Amino acid sequence: MLGLDAMLPISALQELPGSRTRDNHNNHHDQADLLQQLTTESQNEASQGLDTKSALEIARIINHEDAKVAAAVKKAIPEIAAVIDQVARCLRDGGRLIYVGAGSSGRIAALDASECPPTYSTAPGQVQYIMAGGPKALASAVEVNEDSEELGQRDVARRRPTRKDVVVGVSASGRTPYVVAAVAYARARGAHTAAVTCNVGTPLSEAADTTIVADVGAEVVSGSTRMKAGSAQKMILNMITTGAMTRLGYVYENLMVNVHMQNSKLVERGIRILMSACNIDRATAVETIKSAGRSVPVALVMLRAKVDKPEAVRRLAKSDGNVRLAIEDNVLEL
């Protein structure tokens, strides 16, 4: 059986009576006071006595609180838009979007990054995630790593961030040492940096160039930031990647035209996208996709611009993959 020292994180050990590191006692009380000031850690009056409620009452309380999330995100739209444009520019110029997170925030970031290749056919390296504790932390709690500034710096340093990249720190509290240190390191190396948090005036905000704050207030279960805070972060990251990919032209009208047809569902989706975008029948869509080398963007440019496959490919290369600009035979400017 593990002893108490092995079970508790360093920050907790430093406040135990008789601890050899008691010299830091006042500093850790300051940290505790800061934690209490975070809205995401405060108690929610609307969910008082939650453990005495019926299942129906619990669901209604959670739903009522969740309804506040979109309004909180709406207030941060100008900052979200700024990050969308920055990400689009960096991806166009061969850079990367790199998320950094820990715990629930890191898992949400990992989800967004992992969904970009199947949705927009991005290369795996274009949108990445760095998770405190590594990939194993996606399924198992390794939350103690959140407290290590050294690990945060080390893990982001391994990705060698440059001015071509955007590094986005995701932390509901805005004070996770691992994330703050990683973002600060990336910024010092010239990378464009952003913070996604649910509290104002945090160390992460100070470390980043741009801060996106979704002040969702206290959670239904105090401190359980996988709830409203997690929903807000998921919405924001969805907006960042969807917005950037749309600005890059991987969306035509509101259709996901850059889809990779790697299974029967995606093949059918590609056919339906082409039918809708070009107002053609299924047989014509299937035949064009075949002649386009199973590429929906190439097929779409062929049909809309009335050109052959080589010309469609040339136009897409000229426009950096922007479908609308390829149809117009123009270049991408951001």
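Reply: The protein chain comprises 16 helices and 5 strands, taken as DSSP runs numbered from the N terminus (helices H or I, at least four residues; strands E, at least two). The model is predicted, so local features need pLDDT of at least 70 and side-chain atom pairs count only at pLDDT 80 or more, while totals for chains, interfaces and linings use all residues. Residues are numbered from 1 along each chain as its sequence is written, and side-chain values use heavy atoms, with hydrogens and water left out.

Me: What share of the 334 residues in the protein chain is buried?

Reply: Buried means under 20% relative accessible area (1.4 Å probe, protein chains only). Here, buried residues account for 46% of the chain.

Me: How is the length of helix α11 judged?

Reply: The expected span is 1.5 Å times one less than the number of residues. Helix α11, residues 228–247, has 20 residues and reaches 28 Å from its first C-alpha to its last, close to the expected 28 Å. Its buried residues include Ile236, Leu237 and Ile240. Gly249, which follows α11, has a positive phi, near 90°.

Me: How many disulfides does the structure hold?

Reply: A disulfide is a covalent bond between the sulfur atoms of two cysteines; the criterion is a pair of cysteine sulfur atoms within 2.5 Å. The structure holds 0 disulfides. Cys116 counts as buried because its relative accessibility is 2%, and Cys278 is buried at 14%.

How values were computed: Buried < 20%, exposed > 50% of the residue type's maximum accessible area, 1.4 Å probe, protein only.
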